[in-house]
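This briefing covers one protein chain.

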Amino acid sequence: MALHIDTSSRLPIYQQLVQQIREAIARGELKPEEILPSVRQLSRDLVINPNTVSRAYNELERDGLLISRPGKGIYVAQPRSDLTRAARDRRLIEQLDRWLTEAVHLGFSADHVLRLVAGRVERFQWQA
C-alpha cells in the first residue's frame, strides 16, 4: 500500500490518510490482521508530524477498521457488523444522498452516474 499526501489539497493530511487506508481496506489491498507501519515509520516515510499519523490511526481504530495491540503494532481489524442491517442501510443511504446531491449539482444525468458507479464497483472487494 502506497500512501501519498497532497499538500495542495484542502483536505487535512490526517483525513487524507484515513480516506486512503479506508479505501485500501475496502479494495482488499490491506487484509485483516495485516500490520501497518508504526506511527514513527509512517511519519518518517511521508515526512509528516507523528501526531498526524496517530490521529488518523485513532480515528480508524474508533471506526473499528484498525486494532492496536500494545507492544506489537497497529493491525487491520477483522470485519465486523455490530450494527443492525437497518442501521447499516440508514448510514449508507445518508452517504448516498450526499453523493447524489453533489452529482445533481454537477449536472450529471442518472444514467451517467449509474455507469460511473458500475465501473467503480469492480475495483472493490465485496463480501459474499
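**Residues of helix 1**

Leaving aside neighbours within four places in sequence, Q20 is in contact with A2, L3 and H4. Q20 belongs to helix 1, and the model in which these contacts are found is a predicted one. The relative accessibility of Q20 is 18%, and Q20 therefore counts as buried, the cut-off being under 20%.

- A24 is also a residue of helix 1.
- With a relative accessible area of 2%, A24 is buried.
- Apart from neighbours within four places in sequence, the contacts of A24 are M1, E29 and L30.
- From A24 to A77 the C-alpha to C-alpha distance is 13 Å, while the two residues are 53 positions apart in sequence.

**Overall layout**

- The protein contains five helices and two strands.
- Read from the N terminus, the order of these elements is α-α-α-β-β-α-α.
- The C-alpha trace spans about 50 × 40 × 25 Å along its principal axes.
- Of the 128 residues in the protein, 24% are buried.

**Helix 1 against helix 3**

- Helix 1 covers residues 13–27 and helix 3 covers residues 50–62; their axes come within 8 Å and cross at roughly 45°.
- The crossing of helix 1 with helix 3 is right-handed.
- On the side of helix 1, the contact is made by I13, Y14, L17, V18, I21 and R22.
- On the side of helix 3, the residues are T52, V53, R55, A56, Y57, E59 and L60.
- By class, the residues of this contact comprise nine nonpolar, one polar and three charged.

**Nonpolar core**

- The largest nonpolar core has 19 residues, and the members that touch the most others are L17, I21, Y57 and L66.
- Two or more residues of this core come from each of helix 1, helix 2 (39–46), helix 3 and strand 2 (73–76).
- Helix 1 gives the largest share of the core, with six residues.
- L17 and I21 of helix 1 and Y57 of helix 3 also take part in the contact of the two helices.
- Y57 is in contact with I21, L36, P37, S38, V39, L42, L66 and I74, leaving aside neighbours within four places in sequence.
- Two of these partners of Y57, I21 and L66, are again named with Y57 among the core members that touch the most others.

- Most residues other than glycine have a negative phi.
- E33 is not a glycine, yet has a positive phi of about 75°.
- E33 sits in the loop between helix 1 and helix 2.
- The relative accessible area of E33 is 36%, so E33 is partly exposed.
- V47, a residue other than glycine, has a positive phi near 55°.
- V47 lies in the loop between helix 2 and helix 3.
- The relative accessibility of V47 is 72%, which means that V47 counts as exposed.

Technical notes: Residues are numbered from 1 along each chain as its sequence is written. This is a predicted model: local features need pLDDT of at least 70, side-chain atom pairs count only at pLDDT 80 or more; totals for chains, interfaces and linings use all residues. Side-chain values use heavy atoms; hydrogens and water are left out. Axes are lines fitted to C-alpha atoms, for helices over the stretch in contact, and angles run from 0 to 180 degrees between N-to-C directions. Helices (H or I, at least four residues) and strands (E, at least two) are DSSP runs, numbered from the N terminus. A crossing is left-handed if the near helix is turned anticlockwise from the far one by less than a right angle, and right-handed if clockwise. Contact means heavy atoms within 4.5 Å. Ala, Val, Leu, Ile, Met, Phe, Trp, Tyr, Cys and Pro count as nonpolar, Asp, Glu, Lys and Arg as charged, and the others, Gly among them, as polar. A nonpolar core is a set of buried Ala, Val, Leu, Ile, Met, Phe, Trp, Tyr and Cys residues joined through side-chain atoms within 4.5 Å. Buried means under 20% relative accessible area, exposed over 50%, partly exposed in between (1.4 Å probe, protein chains only).
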